[in-house]
Structure formats: C-alpha cells, structure tokens
Amino acid sequence: MKSFDEAWHGAEAAAAARGPCVGPRARVISYGLYGNKTRYTANAILNVRLAREHFPGWTTVFHTDSTVPESVLNELAAEGAVVRTRNASANPSESIAGMYWRFM
C-alpha cells in the first residue's frame, strides 16, 4: 500500500500531465465572461496580464460563451489564459448563469 506522501505526489504528477487546471493543488483564478462590452472584455485581458505578474504559477481560466468576440478569445489565449467555451442559452431566465460559470 502506498503512503499518503507517495499517493499525494502521484496525484500531483498525474494532474500535471493533464494540464495546469487539474489536481489537488491547482492554482486557478477563474472568471465567467460573456457579452461583448469593452468594459468587460478589455479588463479580462488586463486581468490575465496582472495575474501573471502578481500570481506567478497560477492559471487564469475564462468560462465564456458565443457572445464574446472571437478576437477577445484569441487574445486571452495568446496571453496564456485557458478559455473554456460553452453553449449560450436562448432562455432569458438562464442569462444570469454566466455569473456562476467561474465556479465550475
């Protein structure tokens, strides 16, 4: 039977192989981004840059939908963010859901 330390380090190695956002010690700053207002999209890009400067070793993840311009998604990715796109809902009662995507 593996010791706790062996199991823990094995889990860390497996998580590292899967990517920066997975595992027991993942360091993630997560956002929900939707819509095309510059007020939010430009600041999202700025947040990636600031996170890199102030939180080295952390990964920024943006949960987005099709309402975010492709150019913004490309720039987020070019800055090093992980971009996860989901299908936008046509149901207006679900429009607030984007505020909670960051918890996924």
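Which residues in α3 are buried? In the predicted model examined here, the buried residues of this helix include Val72, Leu73 and Leu76. When α3 is viewed down its axis, its buried residues fall within an arc of 100°, and they therefore line one face of the helix. These buried residues pack against β1 (28–33), α2 (38–54), β2 and β3, whereas Glu70, Ser71 and Ala78, on the other side of α3, are exposed.

Strand β2 (residues 59–64) and strand β3 (residues 82–85) run parallel and are joined by 4 bridges, and Thr64 has Thr85 in β3 as its bridge partner. After α3 comes Gly80, a residue with a positive phi, near 105°.

Charged side chains provide a further set of contacts, and a search of the whole structure finds 3 salt bridges. In one of them, the side chains of Glu75 and Arg49 meet with an N to O distance of 3.1 Å; because Glu75 lies in helix α3 and Arg49 in helix α2, this pair ties together parts that are 26 residues apart in sequence. Glu75 has a relative accessibility of 33% and so counts as partly exposed, and Arg49, with a relative accessible area of 35%, is likewise partly exposed.

The side chain of Glu79 also forms a salt bridge with that of Arg49 (3.1 Å, N to O), and this pair links distant parts of the chain, with Glu79 in the loop between α3 and β3 and Arg49 in helix α2, 30 residues apart. Glu79 and Arg52 meet through their side chains in another salt bridge (2.9 Å, N to O), which connects the loop between α3 and β3 with helix α2 across 27 residues. At 45% relative accessibility, Arg52 counts as partly exposed, since that category covers values between the buried limit of under 20% and the exposed limit of over 50%. Taken together, Arg49, Arg52, Glu75 and Glu79 are linked in a network of salt bridges.

Helix α3 is thus described from two aspects: its buried residues pack against elements that include α2, and Glu75, which lies in α3, is paired with Arg49 of helix α2.

Key: Residues numbered from 1 in each chain as written. Predicted model: local features only at pLDDT ≥ 70, side-chain atom pairs only at ≥ 80, totals over all residues. Heavy atoms only, no water. Pairing = 2+ DSSP bridges. Buried < 20%, exposed > 50% of the residue type's maximum accessible area, 1.4 Å probe, protein only. Arc of directions from axis to C-beta. Contact = heavy atoms within 4.5 Å. Salt bridge = Lys/Arg side-chain N within 4 Å of Asp/Glu carboxyl O.
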